[in-house]
Amino acid sequence: MALWVAQKEVVQFRLGLMQGLSIFLGYLPAAVAFGVLGASTGLSYFQVAAMSAWVYAGASQFMGLNLLQSGASVPEIILATFVLNLRHVLMSTVLSKRIQGNRVLKSILSFGITDETFVLTTISGSAGTGSEAAVREITAARFAGVAVIAYSGWLIGTVFGTVFVDILPQIAMKSMGISIYAMFIALLVPSMKKSGRVAMISLLGGALNWILLSELKLATGWSVVSATMLASACGALCYKEGKQ
Amino acid sequence: MKIYLLIAGMALVTYIPRLLPMVLPERLQFPVWLDRWLQYVPYAALGALIFPGVLTSVDGQRSWLGLLGGFTAGLLALAGLNLLIVLAGAIAVVAFALSMI
């Protein structure tokens with residue numbers, strides 16, 4: 001019995017690794033870009049790598065470098081980082097309801113929450129992408145698999161970027177910029193096909209985010225979280241019976 | 001030293017928002033309306049993460065490149081292809097377009 005349970009977890013972990021491979025590929029070019037930028041800002045290799053290893057938040061790290069260069073103080077940068085990352089409270093709340101496991105395990109796994117790992121694990125099922133029955137279930141092992149491979153991509157990319165600043169072909173790097181979005185779209189299309197309401201909510205989320213960014217000039221972190229909360233609230237209000 | 005202080009501070013304020021909801025009391029029952037709301041968050045977030053970010057994903061000046069990649073991914077996903085094939089296809093098409101300009 002114990003062996004069977006362990007095996008099931010290994011299977012789920014591997015599934016997570018496979019699903020997360022798309023995030024790995026998406027993070028590589030962004031992390032390389034961060035490594036290049038960090039090294040050119042005058043940080044040591046170790047400092048750049050340490051930032052990716054410990055902070056592990058793409059947008060925040062780019063913003064941090066930016067502010068650092070423009071002469072902002074340490075407390076200022078930390079405060080700005082905090083604000084930018086508040087959106088993870090929302091994502092972590094959703095995940096805390098769905099991931100099975102005790103609090104200690106969930107606390108460790110929560111380090112792996114990013115925009116990408118969040119949508120990937122919540123939208124793809126435990127039995128494979130788009131599987132209807134298992135869609136709400138997120139096993140701790142599968143989340144761990146996704147988180148581990150995503151984190152490796154971020155770290156490997158950063159180190160690679162700091163060391164090999166000059167030898168990277170521009171076209172390869174630029175074209176890989178599409179990969180995160182290709183992953184998002186590959187998750188979106190099957191769920192849109194499955195349910196009209198899901199399609200409406202996603203479209204609304206995108207439209208609201210666009211309006212908030214371009215008309216109200218909100219910062220990206222705020223506009224993503226506001227658009228997400230508004231669009232999902234509309235979904236909850238419009239579709240009362242509450243099935244997927 | 002200043003840099004390490006910065007990194008430590010940033011690490012802390014990044015981990016706290018990720019961690020906090022996980023240490024809520026385990027038997028905390030959310031009201032039904034909140035559960036229903038949270039259920040739609042992933043789909044709403046997905047839309048907001050795609051758009052309009054996809055436009056500037058390849059080149060900040062040429063949004064058509066992002067659109068091209070996005071449409072390619074959409075078509076391949078519609079055909080029911082595997083996630084990694086969708087990814088490879090979108091990257092290949094964008095790389096081809098980049099090499100043409």
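1. Helix axes here are lines fitted to C-alpha atoms, over the stretch in contact, and the angle between two of them runs from 0 to 180 degrees between N-to-C directions. Keep that in mind for the helix pair below. This is a predicted model.

2. Start with the helix pair in chain A. Helix α11 covers residues 196–214 and helix α12 covers residues 220–238. Their axes come within 8 Å and cross at roughly 145 degrees. The crossing of α11(A) and α12(A) is right-handed.

3. Which residues make this contact? From α11(A) come A:I201, A:L204, A:G205, A:L208, A:N209, A:L212 and A:L213. They meet a set in α12(A) that includes A:T220, A:V224, A:A227, A:L230, A:C234 and A:G235. By class, the residues of the contact between α11(A) and α12(A) are ten nonpolar, seven polar and no charged.

4. Next, the domains. The assignment for chain A gives domain 1 as 2–177 and domain 2 as 195–244. Eight residues of domain 1 of chain A touch seven residues of domain 2 of chain A. The size of an interface is often given as the accessible area lost when the parts come together. For these two domains of chain A, that area is about 560 Å², with 80% from carbon and sulfur atoms. On the side of domain 1 of chain A, look at A:V83, A:R87 and A:L90: they supply 61% of the area this domain buries against domain 2 of chain A, more than any other three residues. The two domains of chain A have zero salt bridges between them.

5. A:R87 turns up again in a salt bridge with A:D115, at 2.9 Å from N to O. This pair links distant parts of the chain. A:R87 lies in helix α5 (residues 87–98) of chain A, and A:D115 lies in helix α7 (residues 115–123) of chain A, 28 residues apart.

6. Now the interface between chains. Contact involves 64 residues of chain B and 93 residues of chain A. Chain B and chain A bury about 7100 Å² between them, and carbon and sulfur atoms account for 75% of it. B:R18, B:M22 and B:Y43 supply 13% of the area that chain B buries against chain A, more than any other three residues.

7. How many salt bridges join chain B and chain A? The count is two. In one of them, A:K174 pairs with B:D59, with the closest N and O atoms 3.1 Å apart. Over all chains, the whole structure has four salt bridges.

8. Two backbone details deserve a look. Most residues other than glycine have a negative phi, and most peptide bonds are trans. In chain B, the peptide bond from B:F51 to B:P52 is cis, with omega near 0 degrees. B:P52 sits in the loop between α2 (32–50) and α3 (63–78) of chain B. In chain A, phi of A:Y56 is positive, near 50 degrees, in a residue other than glycine. A:Y56 is in the loop between α2 (45–54) and α3 (58–69) of chain A.

Key. Residues are numbered from 1 along each chain as its sequence is written. Chains are lettered from A and ligands numbered from 1 in the order in which they are written. This is a predicted model: local features need pLDDT of at least 70, side-chain atom pairs count only at pLDDT 80 or more; totals for chains, interfaces and linings use all residues. Side-chain values use heavy atoms; hydrogens and water are left out. Helices (H or I, at least four residues) and strands (E, at least two) are DSSP runs, numbered from the N terminus. A crossing is left-handed if the near helix is turned anticlockwise from the far one by less than a right angle, and right-handed if clockwise. Contact means heavy atoms within 4.5 Å. Ala, Val, Leu, Ile, Met, Phe, Trp, Tyr, Cys and Pro count as nonpolar, Asp, Glu, Lys and Arg as charged, and the others, Gly among them, as polar. Domain bounds come from an automatic or database domain assignment. Buried area is the accessible area (1.4 Å probe) that two parts lose on being put together, summed over both. A salt bridge is a side-chain nitrogen of Lys or Arg within 4 Å of a carboxyl oxygen of Asp or Glu.
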